[in-house]
Amino acid sequence: MINTFFKGNREKLYDSVPDNTILLLFAGKEIRKTADEFYGFYADRSFVYMTGIEQKESILVAEKLGGKVNEKLFILPPDAMAERWTGRRLKPEEINEKGLIENTAPLNTFDGYFHRAMLSGKYTNVALDLYKCSAEDRDRESHSFVKNTLCNYPNVNIIDVFPQIRSQRTIKQPCEIEAMREAVKITKAGIEAMMKASKPGMYEYEYKAEFDRELTRRGCLEPAFPSIICAGDNNFCIHYYAYTGQAKDGDMILNDVGAKYDFEGNDVSRGWPCNGKFTERQKLLYQCAYNTSEYMFSIVKPGMEMASVDRIVKEYCFEELKKIGLMDKFENIGKLMWHNGAHHVGFDTHDLTDMERPVTAGEVFCIDVGIYCEEWGIGFRLEDNLLVTEDGCENLTASIPRSIEEIEAVMAK
């Protein structure tokens, strides 16, 4: 991403808050795994969207007074001993050279800086991203900070900027779409490698190794999300991560995978017969999913209700399943379709959006048609990434083999 992308994102966010506001965004901290081990650090995606920086414990502070904004990035200071163990830290001059944020300060000066700002009497509002996926989730750094702030400065007004950030992230900018196209190329290589290597007797971890190798060969050191790769009965666990099963002759291979490029990820699902040839029953079910997907790409356009996309996926697929005798009443669709048919994608695999808003040019979301027929022992999903254009939509992942004929042709090579 070009540095003007991040700067522009911040300026839009700053425009959304009133004067006399101090805004804070947190990159986040490591979570302890066990003993002296931590889970790998993963920076808050909205913080990255605003700054282009993924270093742990970083804090962006923006003070808005009289329509002008002064911003400062607090980062971990140099520490030769700590860096010897956990890797080098970003230096202020590196951040300046990249043109990301001009003013930086050591993290250990943040508490005093914020305290002085609150005592100055200039700020009546503190703005933070207070998103939580569910009430049961652990507090993020912003939630803990709010509690302390209200305790120490009870007269301050708290502003949640999450709705604004969500709105901005929903509409992808040209550089984001180009990054997604590059991510698709990497994902395609990984999926085709799995297809070409596929054979009865392969273990799921062998399929995963094929996928991971193609990603790392292209500079993608971690996928956009933990890969879901499974065979046979394991396909009936929607989010399966064990990779210990073995494909048997006649099994379908289900994969739900994605690469990322320049912070942008994609989310692609394909299903194929491990022996390279669809059975008649596999063809029947796969064609239902394929026809549904093709229909959705023919109708999505600006102005549609986003909330209707999932409903139409299920309604159309129901009619396809009814034709082959597997469905009689729409209210029973949950027997074969176990999850929603659409979700947004971008900096997060499930990018958050307001489902009540109409579909708008620049949005990217998945068309995810999953069919799980336990009676026939066949479960898979066909998932592609849809870009909404000015007068319709584009399938960003159409180049990844998706029809029965395309899949069998790749597997025959």
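The legends below describe close-up views of a predicted model. Residues are numbered from 1 along each chain as its sequence is written, and side-chain values use heavy atoms, with hydrogens and water left out. Because the model is predicted, local features need pLDDT of at least 70 and side-chain atom pairs count only at pLDDT 80 or more, whereas totals for chains, interfaces and linings use all residues.

**View 1. Helix 5 and its buried face.** Helices (H or I, at least four residues) and strands (E, at least two) are DSSP runs, numbered from the N terminus. Helix 5 spans residues 110-119, and F110, Y113, F114, A117 and M118 in this helix are buried, where buried means under 20% relative accessible area, exposed over 50% and partly exposed in between (1.4 Å probe, protein chains only). Seen down the helix axis, these buried residues of helix 5 fall within an arc of 130°, so they line one face of the helix; the arc is that of the directions from the helix axis to the C-beta atoms. An α-helix has 3.6 residues a turn, so residues three or four places apart point the same way. On the other side of helix 5, D111, R116 and L119 are exposed. The cover over the buried residues of helix 5 includes strand 1 (21-26), strand 4 (59-65), strand 5 (68-75), strand 6 (104-106), strand 7 (125-128) and helix 6 (141-152). Just after helix 5, G121 takes a positive phi of about 80°.

**View 2. Strand 1 and its two partner strands.** Six of the six residues of strand 1 are buried, so this strand is largely enclosed by the rest of the structure. T21, L23 and L25 point one way from strand 1, while I22, L24 and F26 point the other way. Strand 1 and strand 7 run parallel and are joined by four bridges, with V126 in strand 7 as the bridge partner of I22. With strand 4, strand 1 pairs in the antiparallel sense over six bridges, and here L23 stands opposite A62. Two strands are taken to pair if DSSP finds at least two bridges between them.

View 3. M50 is placed in helix 2 (residues 45-51) and, at 0% relative accessibility, counts as buried. Leaving aside neighbours within four places in sequence, M50 is in contact (heavy atoms within 4.5 Å) with F6, N9, R10, L13, L25, I165 and Q168.

**View 4. N235 in a loop.** N235 lies in the loop between strand 9 (228-231) and strand 10 (252-257), and is buried, with a relative accessible area of 1%. A polar atom of the N235 side chain lies 2.9 Å from the backbone oxygen of G379. Apart from neighbours within four places in sequence, the residues in contact with N235 are C230, M252, I253, L254, Y372 and G379.

**View 5. Two cysteines without a disulfide.** The structure holds zero disulfides, a disulfide being counted as a pair of cysteine sulfur atoms within 2.5 Å. For C237, the closest cysteine sulfur is that of C230 at 7.5 Å, too far for a bond, and C237 is partly exposed, with a relative accessible area of 35%. For C373, the closest cysteine sulfur belongs to C288 and is 10 Å away, again too far for a bond, while C373 itself counts as buried at 2% relative accessibility.

Note on methods
Polar contact = N/O pair within 3.5 Å; in protein donor to acceptor, adjacent residues only side chain to side chain.
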